[in-house]
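User: Hi! Could you walk me through this structure, question by question?

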Amino acid sequence: MNRNKHIVIADENGDFYCRVVNDVLNIKKEEQVCGCGCPCFVSDIETVQGHFVCCYEEEGMGADSALFPFVQGLDERLYKAYDYSAKAHAGQHRKGTPIPYFTHIIMTMNYLMQLTQDIEVLQAAILHDTVEDTSVTFEDIDRTFGARVAALVEAETENKRHGVPASQTWDIRKKETIEHLKNRPLDVKAIVLADKTANLESITREWRRRGDRVWEKFNQKDKRKQEWYFKSIRENLTEFNGTDVMKVFDEYIETLF
């Protein structure tokens with residue numbers, strides 16, 4: 001495999017489309033995760049299974065350096081968070097699809113980078129599902145990334161009530177999320193907005209192919225309750241009214257509901 005061969009293309013709008021994961025990974029050219037090129041899922045699974053590589057990867061870099069190599073100003077602290085999160089989420093996929101979970105992190109970061117350049121907030125966004133969906137603990141995050149990052153991750157983490165079917169706890173979990181969001185600081189709200197906008201983007205793309213059948217794969221299959229949830233989130237993020245990210249969020253809400 002030619003490690004320098006581009007495996008993504010940019011369309012006329014500057015969106016990068018990845019042929020491997022069948023999704024648009026970046027919003028626009030100026031908002032690259034690695035500061036140079038679009039991270040893309042490796043097609044050669046025998047070389048680096050489950051890793052993302054930079055399309056502009058330098059000559060001579062081996063498989064061990066494949067995950068977000070240090071190119072064109074990628075902050076070392078972000079590399080550390082990407083590496084940690086990718087390993088924690090290894091083998092996970094977006095709900096009901098073969099698309100690697102990590103595409104959600106890329107999409108979330110593309111939105112969040114339009115709202116803040118605070119490295120610790122960006123680190124927390126990269127790690128935001130690690131405690132909720134993997135064996136990582138808040139203590140692990142604190143020890144590795146510091147107290148502020150751990151606190152930001154905790155603020156974005158649901159009480160999943162493990163041991164009880166997720167469909168039975170959906171209502172209470174979402175009510176708790178909305179209630180807690182009301183008094184969260186701006187940094188936490190920025191992560192929430194980026195996260196939920198990325199979720200809505202994925203849902204909308206699938207909805208355009210499948211229509212309202214898209215809701216069948218979720219723990220909450222009632223479209224009306226999903227509408228209540230996302231609109232309630234919107235009501236508590238008014239600080240971001242007028243931002244490009246909120247405009248995109250609103251467009252997805254209008255499309256889906």
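Analyst: Happy to. Buried means under 20% relative accessible area, exposed means over 50%, and partly exposed is in between, with a 1.4 Å probe and protein chains only. This is a predicted model, where local features need pLDDT of at least 70, side-chain atom pairs count only at pLDDT 80 or more, and totals for chains, interfaces and linings use all residues. Residues are numbered from 1 along each chain as its sequence is written, and side-chain values use heavy atoms, with hydrogens and water left out.

User: What percentage of the 257 residues of the chain count as buried?

Analyst: The cut-off just given, under 20% relative accessible area, decides this. Applied to the 257 residues of the chain, it gives a buried share of 50%.

User: How many helices and strands does the secondary structure of the chain come to?

Analyst: Helices (H or I, at least four residues) and strands (E, at least two) are DSSP runs, numbered from the N terminus. On that basis, the chain comes to ten helices and five strands.

User: Which residues does M109 touch, not counting residues up to four places away in sequence?

Analyst: Contact means heavy atoms within 4.5 Å. Leaving out residues up to four places away in sequence, M109 touches Y82, L122, A125 and I126.

User: Do helices α1 and α5 run roughly parallel or roughly antiparallel?

Analyst: Axes are lines fitted to C-alpha atoms, for helices over the stretch in contact, and angles run from 0 to 180 degrees between N-to-C directions. Helix α1 (residues 76-88) and helix α5 (residues 138-145) pack at about 155°, with axes 12 Å apart. K80, A81 and Y84 of α1 meet D140, I141, T144 and F145 of α5. Angles under 35 degrees count as roughly parallel, over 145 as roughly antiparallel, 65 to 115 as roughly perpendicular and the rest as oblique, so α1 is roughly antiparallel to α5.

User: Which residue forms a salt bridge with E158?

Analyst: A salt bridge is a side-chain nitrogen of Lys or Arg within 4 Å of a carboxyl oxygen of Asp or Glu, and a search of the whole structure finds 18 of them. In this one the closest N and O atoms are 2.7 Å apart. E158 sits in the loop between α6 (147-155) and α7 (166-181), 15 residues from its partner in helix α7. Both residues are buried, and the partner is R173.

User: Are D171 and K225 buried or partly exposed?

Analyst: D171 in helix α7 and K225 in helix α9 (residues 223-235) are 54 residues apart, yet they form a salt bridge with closest N and O atoms 3.1 Å apart. The relative accessibility of D171 is 28%, and that of K225 is 33%. Because both values fall between the 20% and 50% cut-offs, each counts as partly exposed.

User: Is T103 buried or exposed?

Analyst: T103 is found in helix α2 (residues 102-112). Its C-alpha atom is separated by 8.9 Å from that of H93, ten residues apart along the chain. With a relative accessibility of 1%, T103 counts as buried.
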